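These are notes for a colleague who has not seen this structure before.

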Amino acid sequence: MIPNDFIQTLLARVDIVSVVDRYVPLKKAGANFAACCPFHTEKTPSFTVSPSKQFYHCFGCGAHGTAVGFLMEYGGKSFPDAVEELARDAGLDVPRAESTGMATVREQAADLSGVLLEAARFYRAQLKESPRAIDYRRWLQLSLTTRTGRWRLRAWSSRAKAANATTAFAIASCFPFTIPVGG
Ligand SMILES: [Zn+2]
């Protein structure tokens with residue numbers, strides 16, 4: 001466990017501008033720095049990094065966080081790894097405050113993940129066997145087919161009109177599974 005006050009000390013020591021700039025080149029924009037957002041596609045920069053507040057914020061997609069958060073979101077790092085990387089840069093050692101109850105917690109977590117795994121196996125088996133699950137899967141497939149069918153129908157009916165073919169033919173071609181031909 002990393003003590004919370006260490007995180008505060010660390011965030012006060014590192015500069016988020018240089019951290020972000022390593023991955024996303026920033027440009028000075030008034031009191032802040034800006035770039036095209038790395039979390040969504042855009043042509044004009046709405047991603048800003050504030051050196052005074054020490055956080056990043058995107059006005060386009062709402063991405064927001066500290067230097068630790070950036071390494072996690074952008075770099076895909078775990079919380080301890082992000083803290084470790086920043087601490088290395090700042091020349092600090094990450095204190096590990098392992099409480100006496102940690103061993104118990106870890107055991108409980110191992111038990112819990114066993115239970116979850118068992119539950120996941122059970123539900124997966126049920127998906128194949130339970131009549132309600134089978135109905136649901138059929139409904140899902142049907143609704144996807146119908147939706148795709150509707151899009152195809154629009155394209156087909158305009159093409160069919162142009163070709164002077166009958167709409168019925170177009171519908172029958174679009175719904176080979178759901179509309180009985182000549183029925
Ligand atoms: Zn964004």
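1. Strands β1 and β2 form a hairpin with two residues between them, and Gly-30 in its turn has a positive phi of about 65°. The model is a predicted one: local features need pLDDT of at least 70, side-chain atom pairs count only at pLDDT 80 or more, and totals for chains, interfaces and linings use all residues. Residues are numbered from 1 along each chain as its sequence is written.

2. β1 covers residues 27-29 and pairs with β2 in the antiparallel sense over three bridges. Two strands count as paired if DSSP finds at least two bridges between them. Lys-27 has Ala-34 of β2 as its bridge partner.

3. Which residues make up the covered face of β2? Strand β2 (residues 32-35) has Phe-33 and Ala-35 on that face, while Asn-32 and Ala-34 are on the uncovered one. In a regular strand, side chains alternate between the two faces of the sheet.

4. β2 also pairs with β3 (residues 47-50), antiparallel and over three bridges. Phe-33 stands opposite Val-49 of β3. β3 in turn is joined to β4 by four bridges, again antiparallel, and Phe-47 has Cys-58 in β4 as its bridge partner. The hairpin of β3 and β4 has four residues between the strands, with Gln-54 in the turn at a positive phi of about 60°.

5. β4 (residues 55-58) and β5 pair in the antiparallel sense over two bridges. His-57 is the bridge partner of His-64, and Tyr-56 stands opposite Gly-65.

6. Taken together, the five strands make an open sheet in the order β1-β2-β3-β4-β5, with antiparallel pairing. β1 and β5 (64-65) are the edge strands, each pairing on one side only.

7. The protein chain has seven helices and five strands, in the pattern α-α-β-β-β-β-β-α-α-α-α-α along the sequence. Of its 183 residues, 12% count as buried. Buried means that 20 or more other C-beta atoms, placed from the backbone, lie within 10 Å of the residue's own; exposed means 12 or fewer, and partly exposed lies in between.

8. Helix α4 (residues 79-90) has 12 residues and reaches 17 Å from first to last C-alpha, close to the 16 Å expected; the expected span is 1.5 Å times one less than the number of residues. Ala-82, Val-83, Leu-86 and Ala-87 are buried in α4. Seen down the axis, the buried residues fall within an arc of 130°, so they line one face of the helix; the arc is that of the directions from the helix axis to the C-beta atoms. The face turned away from the buried side carries the exposed residues Pro-80 and Arg-88. Gly-91, which follows α4, has a positive phi near 70°.

9. What do the buried residues of α4 pack against? They pack against α1 (4-13) and α3 (67-73). Leu-86 touches Leu-10, Val-14, Ala-67 and Val-68, not counting residues up to four places away in sequence; contact means C-beta atoms, placed from the backbone, within 7 Å.

10. The largest nonpolar core has 19 residues, and Val-20, Ala-67 and Leu-86 have the most contacts inside it. Such a core is a set of buried Ala, Val, Leu, Ile, Met, Phe, Trp, Tyr and Cys residues joined through C-beta atoms within 7 Å. The elements giving two or more residues to this core are α2 (16-23), β2, β3, α3 and α4.

Terms used
Two residues are in contact if their C-beta atoms, placed from the backbone, lie within 7 Å.
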